[in-house]
Amino acid sequence: MSVTPAPPSVSSFLLTHERWEDLWRALGSTSSGTKGEVFELLVQEYLQLEAKYDFKNVWNTHGQVPAAVLKKLNLFNRDVTGIDLVAETRGGKYWAIQCKYHQDEHASLTRDEATGLIAGRNRARDLFEVA
């Protein structure tokens, strides 16, 4: 599985909190950028480790997605807005994933937050799985 390490500050922040409750509490006092980066890394690691998803690769869209995959999915730098992770299953299917951290654990993804994800999926000519 190909994964580029996250910046040390994000990785170390995640590694210093062993329980979700501790991480959630600590994220409450950080910037929205840090919250997003930490949550993206957490989701990326979870998806790579959780066997039920059977992902071969999980890349973040901040430079990890191989150029050949971006080309195959008809995505370019401007198109990955709203797509935080691209995952490839062992069967060769792709998933577009948006990670959105909300301090309120009952908050849902809004339409505005999902617009970029939907646009990116549409550009991929039905190569992304819908979950």
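**Sheet, helices and salt bridges**

Guide: This is a predicted model. In S2, Val 86 is the bridge partner of Trp 59.

Visitor: What packs on the sheet there?

Guide: Helix H3 (residues 32–49) does, touching S1, S2 and strand S3 (94–97). The direction of H3 makes about 170 degrees with that of S1.

Visitor: And in what sense do S1 and S2 pair?

Guide: Antiparallel, over five bridges.

Visitor: What's the strand order in the sheet?

Guide: S1-S2-S3-S4, in an open sheet with mixed pairing. Strand S1 (55–60) and strand S4 (128–129) are the edge strands, each pairing on one side only.

Visitor: Switching to helix H2. Which of its residues are buried?

Guide: In H2 (residues 20–27), they are Leu 23, Ala 26 and Leu 27. Seen down the axis of H2, the buried residues fall within an arc of 100 degrees, so they line one face of the helix.

Visitor: How many salt bridges turn up in the whole structure?

Guide: Four. One of them joins Arg 90 and Asp 54, with the closest N and O atoms 3.0 Å apart. That pair links distant parts of the chain, 36 residues apart: Arg 90 is in the loop between S2 and S3, Asp 54 in the loop between H3 and S1.

Visitor: Is Arg 90 buried or exposed?

Guide: Arg 90 counts as exposed because its relative accessibility is 54%, over the 50% cut-off. Asp 54 is partly exposed at 38%.

Visitor: What does Arg 19 pair with?

Guide: Arg 19 forms salt bridges with Glu 21 (3.6 Å, N to O) and with Asp 22 (3.9 Å). Arg 19, Glu 21, Asp 22 and Arg 25 are linked in a salt-bridge network.

Definitions and conventions:
Residues numbered from 1 in each chain as written. Predicted model: local features only at pLDDT ≥ 70, side-chain atom pairs only at ≥ 80, totals over all residues. Heavy atoms only, no water. Pairing = 2+ DSSP bridges. Helix = DSSP H or I, 4+ residues; strand = E, 2+ residues; numbered from the N terminus. Contact = heavy atoms within 4.5 Å. Axes fitted to C-alpha atoms, helices over the stretch in contact; angles between N-to-C directions. Buried < 20%, exposed > 50% of the residue type's maximum accessible area, 1.4 Å probe, protein only. Arc of directions from axis to C-beta. Salt bridge = Lys/Arg side-chain N within 4 Å of Asp/Glu carboxyl O.
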